[in-house]
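Please view the sequence and the model together while reading.

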Amino acid sequence: MEEKKVILSAKDVEVRFRVRENYLTAIRGVSLDIYDGETFAIVGESGSGKSVFTKTFTGMIDSNGAITGGSIMFEGKDLTKLTTDKDWEGIRGAKISTIFQDPMTSLNPIRTIGSQISEVIEKHQGISHEEAKAQAIELMEKVGIQDAANRFDEYPFQYSGGMRQRIVIAIALSCHPKILICDEPTTALDVTIQAQIIKLIKELQKELKFTTIYITHDLGVVANVADRVGVMYAGQIIEYGTAEEVFYDPQHPYTWALLSSLPQLGVKGENLYFITGTPPSLFNKIQGDAFAPRNPHALKIDFIKEPPMFKVSDTHYAKTWLLDPRAPKLEKPEAIQDLHGKIKRMTDKGGAFHVE
């Protein structure tokens with residue numbers, strides 16, 4: 001079997017924010033390899049650190065934050081050592097691009113759509129205005145904007161939400177990046193448009209051969225797009241593996257809880273499962289497993305000592321004491337037992353949720 005090439009490697013990354021007189025540790029020692037050409041999805045509740053972690057790849061952490069530990073290697077460079085906008089010029093947008101969830105915050109409302117695409121092309125490729133315009137129109141066509149040449153001089157308010165998101169994708173891809181970060185790219189869109197945008201990104205990835213990192217809390221999206229999945233909780237990746245491993249053989253109790261709360265698994269007449277409690281405050285040093293206070297399966301050691309990352313298979317790892325050989329053997333919650341069969345039955349009935 002051909003060995004996969006690592007395109008980006010994060011090791012023990014820590015990110016802290018100064019908030020008034022206190023420090024909040026938003027990312028707590030995250031290590032992760034991203035492979036060339038794959039789609040990697042990062043899932044977890046709001047505030048788990050998904051967006052903050054990937055912002056370290058483009059130097060876009062808020063001004064009161066800093067990377068305070070670890071390394072992020074990309075094309076022989078440690079991205080944690082880049083400090084100024086000039087340092088980031090050859091990376092941000094050019095090699096690693098981001099699509100954000102609300103296209104209206106990414107587009108300038110008083111500038112034409114075409115000028116916003118061609119400006120990026122001119123800046124990064126150093127070509128003439130005419131050449132940049134031709135490329136911009138070609139990109140608009142590629143992302144599904146009909147009559148692109150005539151719509152080049154229109155403004156964002158003249159485009160629908162789905163079309164604006166297509167333009168944001170065109171801008172992100174205008175410099176042929178090697179990695180595309182999709183930060184909740186379909187949240188602000190209705191379900192039909194969501195499906196179109198997801199399909200478009202998949203098709204463009206196949207054609208242009210870039211690596212995709214999806215950030216989402218929607219496990220339905222993950223099932224449809226991801227090769228591998230990382231589950232984040234309280235600033236750490238607590239489980240990662242192939243999409244099949246994480247969906248059909250989850251090992252961490254937090255992953256069990258996330259999957260159990262899938263609306264698609266709801267039974268008519270019964271209350272939908274939800275995770276009780278709230279995530280811990282990251283202003284404080286966390287003792288033991290951060291999920292322990294919300295975990296009905298917590299062991300005594302979970303409140304005392306942080307678990308290491310245990311190996312489940314060559315591709316599957318989970319950070320839980322339940323994988324220690326001395327731990328009691330627990331059955332997964334009933335809602336996610338035979339998840340493969342349940343999802344297959346849903347798809348056979350015409351549901352949109354499946355793992356490919």
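The model is predicted, so local features need pLDDT of at least 70 and side-chain atom pairs count only at pLDDT 80 or more, whereas totals for chains, interfaces and linings use all residues. Residues are numbered from 1 along each chain as its sequence is written, and side-chain values use heavy atoms, with hydrogens and water left out. Helices (H or I, at least four residues) and strands (E, at least two) are DSSP runs numbered from the N terminus.

**The open sheet**

- Eight strands make up an open sheet with mixed pairing, and their order is E6-E7-E8-E3-E9-E10-E12-E11. Two strands are taken to pair if DSSP finds at least two bridges between them.
- At the edges of this sheet are strand E6 (96-99) and strand E11 (310-311), each of which pairs on one side only.
- Two bridges link E11 with strand E12 (residues 317-318) in the antiparallel sense. Phenylalanine 310 has alanine 318 in E12 as its bridge partner.
- Helix H7 (residues 161-173) packs on the sheet, where it touches E6 and strand E7 (179-183). The direction of H7 makes about 175° with that of E6. Contact here means heavy atoms within 4.5 Å.
- Helix H8 (residues 191-208) lies across strand E3 (39-43), E6, E7 and strand E8 (211-216), and runs at about 160° to E8. Axes are lines fitted to C-alpha atoms, for helices over the stretch in contact, and angles run from 0 to 180 degrees between N-to-C directions.

**Further strand pairs**

- Strand E1 (residues 6-19) and strand E4 (residues 65-74) run antiparallel and are joined by eight bridges. Glutamate 14 is placed opposite glycine 69 in E4.
- E4 is also joined to strand E5 (residues 77-78), again antiparallel, by two bridges. Lysine 77 in E5 is the bridge partner of phenylalanine 74.
- The hairpin of E4 and E5 has two residues between the strands, and glutamate 75 takes a positive phi near 50° there.

**Helix against helix**

- H7 and H8 pack with their axes 10 Å apart, at an angle of about 20°. H7 is therefore roughly parallel to H8. Angles under 35 degrees count as roughly parallel, over 145 as roughly antiparallel, 65 to 115 as roughly perpendicular and the rest as oblique.
- On the H7 side, the contact is made by Gly162, Gln165, Arg166, Ile169 and Leu173. On the H8 side, the residues include Ile193, Ile197, Leu200 and Leu204.
- Sorted by class, this contact of H7 with H8 holds eight nonpolar, three polar and one charged residues. Ala, Val, Leu, Ile, Met, Phe, Trp, Tyr, Cys and Pro count as nonpolar, Asp, Glu, Lys and Arg as charged, and the others, Gly among them, as polar.
- The axes of helix H4 (residues 113-125) and helix H5 (residues 129-142) come within 8 Å and cross at roughly 120°. H4 is therefore oblique to H5.
- Among the H4 residues that meet H5 are Ile113, Ile117 and Ile121, while the H5 partners include Ala132, Ala136 and Leu139. The contact of H4 with H5 has seven nonpolar, five polar and two charged residues.

**Buried positions**

- Threonine 25, found in strand E2 (residues 22-35), is buried, with a relative accessible area of 17%. Buried means under 20% relative accessible area, exposed over 50%, and partly exposed in between (1.4 Å probe, protein chains only). Not counting residues up to four places away in sequence, threonine 25 touches Glu14, Val15, Arg16 and Leu282.
- Threonine 112 sits in the loop between helix H3 (103-106) and H4, and is buried at a relative accessible area of 14%. With residues up to four places away in sequence left out, threonine 112 touches Phe152, Asp153, Glu154 and Tyr155.
- Valine 222 belongs to helix H9 (residues 219-225) and is buried, its relative accessible area being 0%. Valine 222 and alanine 41 are 181 residues apart in sequence, but 6.3 Å apart in space, C-alpha to C-alpha.
- Helix H11 (residues 253-260) is mostly covered, with eight of its eight residues buried. Among them are Tyr254, Trp256 and Leu258.
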